[in-house]
Amino acid sequence: MTHPITRRRFLETSAAGTAALTVGSATAAVADGPPSKRPNLIYVFADQLRYLSCGYAGDQRAHTPNIDRLAAGGVDFQNCVSMTPVCSAYRASLMTGKYTTTTGMVINELRLSPEHECFGHVLTNAGYRTGYIGKWHLWANVLGRHGDDRNAFTPPGPYRLGFDGYWAGYNFHHNNFDSYYYEDQPRKIKYVRPGVERPYEPDAQTDMAIDFIGGKLGDKPEDDQPFSLFLSYGTPHDPWGFDNCLEDWAERFRKVSFPKAPNHSDTQDPYADGWGTMGRQYLENLEQYQQGYYAMTANLDWNIGRLVEALRKSGELDNTVIVFSSDHGEMFGAHGRRAKNIFYEEAARVPFLVHWPERIAAGRVSDACINTPDIMPTVLGLLDLPIPEAAEGMNLSRCAIDAEGPRPEAALMQNTGACAAWQDGYEWRALRDRQFTYAVYRRDGSELLFDNRNDPYQLHNLAADPKRADRLNHFREMLKRRMAQLNDNFEKCTWYRDNWTENRNILRGAKGGRHDLDALDEIVKRYFG
């Protein structure tokens, strides 16, 4: 599960991909001095794609030749985790460089306060032509009613967190056909592809991304103006029925067998919330769901190949920082759970690849324990842009270019409640270093300790092993110290509701904050009456 791609595997997947695509020279070296012009940025993130389901990570069923090429042509941060493995918490952390208890995004379907200095602000202030395409999931403050314009449309202005250029976003949906996005008015816009009656959302989004790169969408680029594009795909998030997949990709996996993993259990994990509960239908259809998941991933990979090829044709490939990642993974019955929102590898460990031929040597593998709050500081560090003072993550750009320097001893993970409901009893905290995962549940104080290197399926809880007492105490003390630094008091879920939110609008976090609800009310009236 943890082995990097072999040379044979790389050659096999390369041959299977787009023959014309060249992601970078295998002999690329770190350039001396700064690049000739300010680099572009493309940040691509999937939804629910786990590290373990990528070809370069060793999954023989995965068809990901283009993602594998990104891994081979740049740096693979093989110990990347999602700090809180749910959609909105990841996105809030990605944009702010802060932990969940600081952003206050403790469950899904909360509205993030715009009173943070964010990724988009830094890029806009630095003169980048910005673009955002795809899922946003930081605006809606109602559970459900995803198609309601009041929840799905994010008005221009402060709640777009600095992305003031081209916008083709929506808050939340996972219907890959007949789907929609919004620009600057609360009117749904259907995706269009020439000659295609029912466009598949990732294909249409990639078309738009290519047009943005070519200057056909958004403001006309100025001479030598760099661009930054965030492309937030909705796949391979469920539903995984073949009716939500393109037929050609579904056919590739319709007969592929997916035996149950060694850590699979039909017995429900008692610590799982309603979103993590499997149910009979889930178990009965588990193989077909995985077939759909891998079909969606293969299509996503094809679109990444198209995106990189467009960069190559434009002449911008060498001077573009391409980041590929995911917000969290998927359990698929491991440890008696579905979905996410847990510290196990299947849910928490995600791909994080950085490709930049002008500065990053091909074939690098970093073992740095990079976490979601580290992403913004790291990418801004690569771009030589200022990092907001309030960001809590670490700049690990040095790890991408093989320079020495400090790095986290472990990644801190936080879960502050049920996936999207104010329900107590599911809270946990965890640490993951280069070898071990340590976790503790708030409900009963139970602890878990796994040696991921020697037990990659996390089958053996070592917390009660006397031989591991020193290791256990080491993690206990580290967790106590890290939580104290964040003012994280390990509260129950409803405590956050009662103390940090109003009508699912986030007012503050563990370090304070504000949210001007009067200004918000004016924005809502302006766009929705």
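Two residues are in contact when heavy atoms of theirs lie within 4.5 Å. This report uses that idea throughout. The model is a predicted one.

## Leucine 412 and its surroundings

Start with one residue. Leucine 412 is found in strand S11. It is buried, with a relative accessible area of 0%. What is leucine 412 in contact with, leaving aside its neighbours within four places in sequence? The partners are Met83, Tyr99, Asn371, Ala430, Leu431, Leu479, Arg482 and Leu486. Two of the elements described below hold some of these partners. Ala430 and Leu431 point opposite ways from S12. Helix H14 covers residues 469-485, and Leu479 and Arg482 are among the partners of leucine 412.

Distance along the chain is another matter. Leucine 412 and arginine 508 are 96 residues apart in sequence. In space, their C-alpha atoms are 21 Å apart.

## The sheet of 4 strands

S11 belongs to an open sheet of 4 strands. The order is S11-S12-S13-S14, and the pairing is antiparallel. Strand S11 (411-415) and strand S14 (447-451) are the edges, and each pairs on one side only. Neighbouring strands of this sheet are turned by 15° against each other on average, direction ignored.

What holds such strands together? Strands of a sheet pair through backbone hydrogen bonds, either parallel or antiparallel. In this sheet, S11 is joined to strand S12 (residues 428-432) by 5 bridges, and the two run antiparallel. Methionine 413 stands opposite alanine 430 in S12. Alanine 411 stands opposite arginine 432 in S12.

On to the next pair. S12 is joined to S13 by 5 bridges, again running antiparallel. Here arginine 429 stands opposite valine 440 in S13. S12 and S13 form a hairpin, with 3 residues between them.

Is S12 enclosed or open to the outside? Of its 5 residues, 5 are buried, so S12 is largely enclosed by the rest of the structure. In a regular strand the side chains alternate between the two faces of the sheet. S12 shows two sets of side chains. Trp428, Ala430 and Arg432 point one way, while Arg429 and Leu431 point the other way. All of them are buried.

A helix covers this sheet. Helix H14 (residues 469-485) lies across S11, S12, strand S13 (436-441) and S14. H14 runs at about 65° to S13.

## The sheet of 8 strands

There is also an open sheet of 8 strands. Its order is S4-S3-S7-S1-S8-S9-S2-S10, and its pairing is mixed. The edge strands are strand S4 (166-170) and strand S10 (364-366), each pairing on one side only. Neighbouring strands are turned by 10° against each other on average, direction ignored.

Valine 44 stands opposite leucine 231 in S7. Helix H10 packs on the sheet, touching S1, S7 and strand S8 (320-326). The direction of H10 makes about 170° with that of S8.

The table sets out two pairs.

| Helix pair | Axes come within | Crossing angle |
|---|---|---|
| H3 (residues 87-96) and H12 (residues 372-382) | 7 Å | roughly 30° |
| H2 (residues 65-73) and H10 (residues 286-314) | 7 Å | roughly 55° |

How does each angle read? Angles under 35 degrees count as roughly parallel. H3 and H12 are therefore roughly parallel to each other. H3 passes H12 in a right-handed crossing.

Which residues of H3 meet H12? They are Tyr90, Ser93, Leu94, Met95 and Thr96. From H12 come Thr372, Pro373, Ile375 and Met376. The residues of this contact of H3 with H12 divide into 6 nonpolar, 3 polar and no charged.

In the other pair, H2 brings Pro65, Asn66, Ile67 and Leu70. H10 brings Leu300, Asp301, Trp302, Ile304, Gly305 and Val308. The residues of the contact of H2 with H10 divide into 7 nonpolar, 2 polar and 1 charged.

Methods:
Residues numbered from 1 in each chain as written. Predicted model: local features only at pLDDT ≥ 70, side-chain atom pairs only at ≥ 80, totals over all residues. Heavy atoms only, no water. Axes fitted to C-alpha atoms, helices over the stretch in contact; angles between N-to-C directions. Parallel < 35°, antiparallel > 145°, perpendicular 65-115°, else oblique. Left-handed = near helix turned anticlockwise from the far one by under 90°. Nonpolar A, V, L, I, M, F, W, Y, C, P; charged D, E, K, R; others polar. Pairing = 2+ DSSP bridges. Buried < 20%, exposed > 50% of the residue type's maximum accessible area, 1.4 Å probe, protein only.
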